[in-house]
Amino acid sequence: MDYSAKLDAAIDRLHEEGRYRTFIDIERKNGQFPHAVWTRPDGSTQEITVWCGNDYLGMGQNPVVLQAMHEAIDATGAGSGGTRNISGTTVYHKRLEAELADLHGKEAALLFTSAYIANDATLSTLPKLFPGLIIYSDALNHASMIEGVRRNGGAKRVFRHNDVAHLRELLEADDPAAPKLIAFESVYSMDGDFGPIKEICDLADEFGALTYLDEVHAVGLYGPRGGGVTERDNLAHRIDIINGTLAKAYGVMGGYIAASPKMCDAIRSYAPGFIFTTSLSPAVAAGAAASVAYLKDHPELREKHQELAKVLKLRLKGLGLPIIDHGSHIVPVMVGDPVHTKKLSDMLLSEFGLYVQPINYPTVPRGTERLRFTPSPVHGPSEIDHLVQAMDSLWSHCALNRAELAG
């Protein structure tokens with residue numbers, strides 16, 4: 001076996017399809033975000049504006065968060081020193097879990113090193129706790145949810161995206177006595193549409209199913225205190241397990257589930273993805289706790305975030321660009337071809353100093369490639385003007401002309 005040739009062939013296929021992913025080397029500038037410095041492949045640097053970051057509210061540079069992290073480093077050092085079970089549980093982890101439980105109106109929360117791991121570990125563990133469990137999963141659920149459902153060894157049913165009638169058909173076809181769980185999202189990050197939470201909860205009540213909701217792109221951003229769409233719509237009490245992240249609106253790192261004490265205790269005790277992983281560093285936990293607490297009391301950041309997203313959508317629609325708008329903060333501009341998407345991204349970066357990463361398969365289905373913009377309260381009017389002018393220039397002057405882009 002020529003292993004090197006196999007690797008070459010695998011990478012070459014990505015290049016041929018136009019979806020080879022390139023890392024952009026940037027250095028965020030504390031106190032000046034969304035501005036950053038891009039280091040080009042030749043070693044030269046360029047000032048850029050980041051338009052695709054998930055630090056939705058700029059909390060990664062909030063002084064309250066930074067101070068909490070500095071204090072934790074000074075008090076405890078860098079790492080946690082172990083897994084949660086073996087010396088890696090500190091007062092910082094417990095404080096953060098208490099903040100998160102309070103955020104969602106739950107009695108308990110459980111920290112993971114990322115929301116991906118939280119989804120994967122929890123969904124793959126639940127069939128161990130409920131033998132014969134059937135998981136009903138939305139067709140557009142995040143890869144971490146799909147992986148968790150795939151690995152759990154139990155039965156699964158995939159319902160068409162946001163199709164409550166199809167979900168009902170699947171529930172009706174299964175044994176009424178079988179344990180069931182419905183897994184879905186509140187905000188789907190690629191199109192920016194909302195899951196039908198109330199309708200799914202109604203079905204869960206009717207068929208005796210548990211509910212599992214990924215609020216990753218909603219926590220910190222929706223609801224009076226940032227508890228997500230379920231808090232905004234007063235539905236959190238109807239969700240059995242809420243998954244969230246600390247790496248987006250909260251600007252730090254990590255993931256979690258919020259649920260009943262029994263549920264968290266069982267996942268803690270059975271999930272390998274929790275048991276055998278070194279815990280978050282105390283500094284990260286301290287910063288995340290400070291961020292969660294801060295955003296509970298600062299709804300004006302959420303309001304400004306929504307306002308800027310609406311402004312950007314309106315401005316881009318005014319250019320006649322194909323925007324998907326479901327009323328959330330996500331701003332996708334549809335391109336529909338991986339090569340074109342990548343070249344448009346490259347031109348925005350090199351010619352205008354605007355960084356937005358191309359979104360290609362497998363993140364989105366083939367033929368739906370796009371640029372996904374993520375405005376934040378730290379993007380001001382001048383940044384929006386510059387972006388709109390750049391998109392107008394590229395879109396109007398044959399940036400999407402296939403012959404030009406292929407040249």
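Two strands pair if DSSP finds at least two bridges between them; helices (H or I, at least four residues) and strands (E, at least two) are DSSP runs, numbered from the N terminus. You're looking at a predicted model, where local features need pLDDT of at least 70, side-chain atom pairs count only at pLDDT 80 or more, and totals for chains, interfaces and linings use all residues. Residues are numbered from 1 along each chain as its sequence is written, and side-chain values use heavy atoms, with hydrogens and water left out.

**Stop one: α12.** Select residues 299–318, the helix α12. Now pick out Leu301, Arg302, His305, Gln306, Leu308, Ala309, Leu312, Lys313 and Leu316: these are its buried residues (under 20% relative accessible area; exposed is over 50%, partly exposed in between, with a 1.4 Å probe and protein chains only). They sit on the same side of α12, because their arc around the axis is only 165° (taken from the directions from the helix axis to the C-beta atoms).

**Stop two: the cover.** Show α11 (282–296), β11 (331–334), β14 (370–373) and α14 (381–396), which are among what covers the buried residues of α12.

**Stop three: β14.** Color Arg370 and Arg372, which point one way from β14, then Leu371 and Phe373, which point the other way; all are buried. β11 runs antiparallel to β14, joined by four bridges, and methionine 334 has arginine 370 as its bridge partner. Next select β13 (residues 358–359), also antiparallel to β14, with two bridges; here proline 358 partners leucine 371.

How values were computed:
Expected span 1.5 Å × (residues − 1). Contact = heavy atoms within 4.5 Å.
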